[in-house]
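Notebook open, model loaded. I'm jotting down what I look up as I go.

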Amino acid sequence: MITFLKQAFSRPLSDESGRAGKKGSALRHRLPIPQSTCRHEWPRERLVKILFISQHFFPEQFSNNRIAENMADRGHDVSVCTAVPNYPSGRFFDGYSNRSNRTERWGKILIHRAWTVPRGKSALSLFVNYITFPVAASIKVLLAKARPDVVFVSQLSPVFMVLPGILQKWKTGCGLVYWVQDIWPESATYTLGLRNRLVVGLLNAICGWLYRRADLVMVQSAAFNDMITRFGVPPARIRLLPNTAPDSYRPLTPEQAPDYAALVPQEGFRLMFAGNIGESQDFDTLVAAAVLLRGREDLHWVIVGSGRDEARVRRLVVENGLGERFHFLGRHPEEAMPKFFAHADAMLVSLKDIPIFALTVPYKVQCYLACGKPIIASLAGEGARIVNESGAGIAVAAGRPQALAEAIAKMMDATPSRRHAFAAGARRYFDNNYAADKVYDILEQTLEYAAQYR
């Protein structure tokens, strides 16, 4: 193994144009995808062996699950290298640990789990969680005998999870594709509260090195492009891969989800938030808006999900005398979400007013759109643009309780025909921009292309 690592780190690196260190020696896998011909260059009878790497996977509820399932359903051989599930609670899921269920088969997909330190509740435990996965997963990759055609890294936080993909590429010469969903190092400086200029500078250098190792970089938002090219990644190597939503996410009436009526208030206006309850979701602004709307006694805040910040948010709600207005329903399986949504009058999405959050489109936005629900958004930038452009609802600037309260009141006072127009606009925009077949076709074409040049 030592010999392999020496050889790997001594290999000449390519420059921005895709030329190897030795003049005139082109790296084939640095070529941009020819959009008009890529589907015809890889014979469909030759399926691709895909190693899917991400710290988050089933039974955690991430879009990673459906992506891997779809590639497997299309006939590709998909295996996954991931962590022991512990998101968002910070504790290992029941039935999982570093001693049990480290390898399991989920449908057509074989899952390998690297040794994991759970996220816990503190910044220190989160930092240790961030550091241990890429190391443990890299060891797993180096010891494995598998020879994938292409590695696909679904890069959330931390960015270091791409490291095992780089080592697999060096080890077997496979293609390497990233899907960037969190921007680093900014995500780390915000989440961990890093301020030291030396540390931040070092993180910038590391992130640039990691991003330049990919053959192709896919981004979940078009606004991410500049954040990738700043590290010297040529624009020709960047592709847009937006989130989609599972097939089960479709408009449902309350009558189509009768079993969930007992969980959700059946009177008044039900404003529903679904997903992680964390610092990034800015519940301080939501609670402040609820205080301003205290006089609207028919307003119910329905929270479906859990997370690291849940205990604090619950205390904040009680301290403000809103205990009867907020309904915390806990975490539920992803496939149950459309049935919860069926009992909501509008859906809520929020992020803190942080520059990097203005670039992202939260996954829940596509899910809300797919279910044809009116949306109220407390967002900046790209997410707000999509809500407004789609005609699916009302978007206000992030971190503005007064503006959010006014938007909620406006939605509550809207006529049934106006709310129906919001709902129709939501589903129409999803079908035109985020339909699963369209998104997965883009991914399949990209992986097939990257696999050609292994």
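I started at F52, which is buried at a relative accessible area of 2%. For the record, buried means under 20% relative accessible area, exposed over 50% and partly exposed in between, with a 1.4 Å probe and protein chains only. F57 is buried too, at 1% relative accessibility.

Before going further, I noted the ground rules: this is a predicted model, where local features need pLDDT of at least 70 and side-chain atom pairs count only at pLDDT 80 or more, while totals for chains, interfaces and linings use all residues. Residues are numbered from 1 along each chain as its sequence is written, and side-chain values use heavy atoms, with hydrogens and water left out.

**Entry: aromatics**

How many aromatic pairs does the structure hold? I got 17. The rings of F52 and F57 are one case: their centres are 5.8 Å apart and their planes at 55°, so I filed the pair as tilted. My cut-offs: rings of Phe, Tyr and Trp (its six-membered ring) pair if their centres lie within 6.5 Å, planes under 30 degrees apart are stacked, over 60 edge-to-face, and the rest tilted. F52 and F57 also belong to one aromatic cluster together with F58, W106, F152 and W179.

**Entry: the eight-stranded sheet**

I traced an open sheet of eight strands in the order β3-β4-β2-β1-β5-β6-β7-β8, with mixed pairing. Strands here are DSSP E runs of at least two residues, helices are H or I runs of at least four, and both are numbered from the N terminus. Two strands pair if DSSP finds at least two bridges between them. The edges are β3 (103-106) and β8 (238-240); each has a single partner strand, so one side of each lacks a neighbour in the sheet. On average, neighbouring strands of this sheet are turned by 25° against each other, direction ignored.

Back to F52: it stands opposite V80 in β2. β1 (residues 49-53) and β2 (residues 77-83) run parallel, joined by five bridges. Helix α4 (residues 123-143) packs on the sheet, touching β2 and β4 (109-114), and its direction makes about 125° with that of β4. Contact means heavy atoms within 4.5 Å. Axes are lines fitted to C-alpha atoms, for helices over the stretch in contact, and angles run from 0 to 180 degrees between N-to-C directions.

Then I looked at β7 (residues 216-219): L216 and M218 point one way, V217 and V219 the other, and all are buried. β7 runs parallel to β6 (residues 175-180), with four bridges, and V219 in β7 stands opposite V180. Three bridges join β7 to β8, again parallel; M218 has R239 as its bridge partner in β8.

**Entry: the six-stranded sheet**

The order of this open sheet is β11-β10-β9-β12-β13-β14, with parallel pairing. β11 (326-330) and β14 (393-396) have a single partner strand each, so they are the edges, with one side left without a neighbour in the sheet. β9 (residues 269-274) and β12 (residues 346-350) run parallel through three bridges, and F273 stands opposite L348 in β12. Helix α14 (residues 401-413) packs on the sheet, touching β9, β10 (299-304), β12, β13 (375-378) and β14, and its direction makes about 170° with that of β14.

**Entry: P374**

I found P374 in the loop between α12 (363-370) and β13. Buried or exposed? P374 counts as buried, at 6% relative accessibility. Beyond its neighbours within four places in sequence, P374 is in contact with D345, A346, M347, A392, M411, R419, F422 and A423. Its C-alpha is 8.6 Å from that of A424, 50 residues away along the chain.

**Entry: cysteines**

I counted zero disulfides, a disulfide being a pair of cysteine sulfur atoms within 2.5 Å. For the sulfur of C367, the closest cysteine sulfur is in C371 at 7.1 Å, too far for a bond. C367 is buried at 5% relative accessibility, and C174 is buried at 2%.

**Entry: whole chain**

The protein chain has 16 helices and 14 strands. Of its 454 residues, 57% count as buried. Among contacts with a separation of 6 or more, 75% come from residues 24 or more positions apart.
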